[in-house]
Amino acid sequence: MKTILKNYTRLAACLLLLGLGLTACSDKFFDLRPVDSFNEASFYQRASDFDQGLVAAYASLRATYRNWYALGDVATDDAYNWRTNNNTNLININEAQTTATNGLVSGFWDASYSIIALANVIIDKSAAVSYDETLRKRYVAEARFLRGLMYFNLVRVFGDVPLVLNQLTTPSQAFEFGRTPSAEVYAQILADLQVAETDLPRAYATNNDVGRATSGSAKALLGKVLLTQRQYGPAVTKLREVTSSGTYSLVADYAGLFNPDLASTPEDIFKVQYARAAPGMGSLFAGDVAPDEPTPGKSFLATGGIGRGFFHMTTDLRQAFTPGDRRFATVDSARGTRLYYVTKKYFDPKITVADDAGNDWYVLRYADVLLMLAEALNEGGNSADALIPLNQVRARAGLPALTATTQADLRQVIERERRLELYHEGHRWFDLLRTGRLTTVMNAHYQRWAGDNDQVGQGASLQEFRLLFPLPKFQVDLNPTKLIQNPGY
């Protein structure tokens, strides 16, 4: 899809406004019919319009996942923000002091609901427009996959959230929505993904469509949702549908997963795509990862200079790697005023312009599925079978196979393996949240590294109410009677 995305940079912006259904506050505006631009009257009339609308939704994932590492990694014992950049939003997340005015949390909310709005338009308007039925089912399934993914992210971050399932055509409609109980949100997520797994293709015929959601994407996400809900038996069933499909396999070279020159690998299940040398399509993650001070004799960036220092590896994570672990080859280090460890997963050596990398962001990949399967099997009381997918991941890392152990011991092994395999891909917070270990692990981390103010902050601790992030204050202020803030904020 990198090729197709390059063609729709401007289109994505136009369609985002259409998707929101809130292009103006005046009814008179909607009566205008310019023939040289997009509007509700002229768009979504043919199959190609829906295809372009979906491309806009996929492109908008870059905004949703722009700061996902802040929630999934910087908030944990795996990453930290170098305080000298004075990024208050990241410092507060890193120190478990997130407030309702945090700009990164607010941006995540806005970007997620923008994609939901685009998905709702495609779903609603597909029912009213006559075009090829096979394409119609596929496009609706793609939209429902994206909507399900967004709600899964939102409900894990905030808990109860507004559940909007249709296009909003007037601003006043938005004020009708309060917070829907999480159980109902999860029910809708499952419903969306069940449609997606049925109506999405196993693969696409053309290279231009590489990166779109597939039936395997939906099944893998369904497995993760079921695991999060602790429905271990159904999670095993769904995840095994992915592992037995013959569609995916582990890439032999772990570092090769992050080669920006590769549009796809056999391990890809779903990812946010970026493109080098395409205006507005490049990844900014390398600049976030690189230190924001010179490191004598070394530059982390292909373009030279310094980065922003948003996203460094903690010493705790660095020490968790054992000798012989091939995944450590994706870790780099250099000394400035302190010793930095950074991931190389997001570095593109071929860029000539800063913040123009082609490295994609993984949402789902096969190793994740194998480790989720191991977790679901172990939690369901089948520890012996859990070792099989677990050892597949360890073998690729160059580590010896594990033998029979207790459920409790294996639970800790799987947690550690997910940490090292999926590090700095936005999983750690949600893994610990799912297993109920978040406060225990984080408060032990804060205590162990209390002397390193840069990594953990003075007196940091994770209070129970902070397992959910605060709703953005701007949203609450707009609709205070229906959007009630999470307790403690």
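**Pockets, cavities and salt bridges**

Strand β2 (residues 268-272) supplies the largest share of the lining of the second largest pocket, four residues. Helices (H or I, at least four residues) and strands (E, at least two) are DSSP runs numbered from the N terminus. You are looking at a predicted model, where local features need pLDDT of at least 70 and side-chain atom pairs count only at pLDDT 80 or more, while totals for chains, interfaces and linings use all residues. Numbering runs from 1 along each chain as its sequence is written, and side-chain values use heavy atoms, with hydrogens and water left out.

**The second largest pocket**

- This pocket has a volume of about 380 Å³; a pocket is an open set of points on a 1 Å grid over the protein atoms alone, with protein on both sides within 12 Å along at least five of seven lines, whereas in a cavity a 1.4 Å probe fits but cannot get out, and lining residues have an atom within 4 Å of a point.
- Its lining has 23 residues, and those closest to the centre are Val 210, Gly 211, Thr 214, Ser 264 and Asp 268.

**Cavities**

- Six cavities of 30 Å³ or more turn up in a search of the whole structure; a volume is the space filled by probe spheres set on grid points joined across faces, edges and corners.
- The largest cavity holds about 150 Å³ of space.
- Among the 18 residues that line the largest cavity, Trp 68, Arg 156, Lys 224, Val 363 and His 427 lie nearest its centre.
- At least two lining residues of the largest cavity come from each of α7 (133-158), α10, β6 and α17 (428-435).
- In the second largest cavity there is about 90 Å³ of space.
- The second largest cavity is lined by Glu 375, Asn 378, Glu 379, Arg 411, Ile 414, Glu 415, Arg 418, Asp 431, Arg 434 and Thr 435.
- Helices α14, α16 and α17 each give that lining at least two residues, and α16 has the largest share with four.

**Salt bridges**

- The count comes to 50 salt bridges, each being a side-chain nitrogen of Lys or Arg within 4 Å of a carboxyl oxygen of Asp or Glu.
- Lys 219 pairs with Glu 197 in a salt bridge whose closest N and O atoms are 3.0 Å apart.
- Since Lys 219 sits in helix α10 (residues 215-228) and Glu 197 in helix α9 (residues 182-199), the pair ties together parts that are 22 residues apart in sequence.
- Lys 219 and Glu 197 are both buried; buried means under 20% relative accessible area, exposed over 50%, and partly exposed in between (1.4 Å probe, protein chains only).
- Another salt bridge joins the side chains of Asp 368 and Arg 418 (2.9 Å, N to O).
- Here Asp 368 belongs to helix α14 (residues 366-379) and Arg 418 to helix α16 (residues 407-421), so the pair connects parts 50 residues apart in sequence.
- Asp 261 and Lys 350 meet through their side chains in a salt bridge (2.8 Å, N to O).
- That pair links distant parts of the chain, 89 residues apart: Asp 261 is in the loop between α11 (232-243) and β2, and Lys 350 in the loop between β5 (339-343) and β6 (361-365).
- Asp 261 counts as partly exposed because its relative accessibility is 40%.
- A network of salt bridges links Glu 267, Asp 325, Arg 327, Lys 345, Arg 365, Arg 394, Arg 396, Glu 417, Glu 421 and Glu 425.
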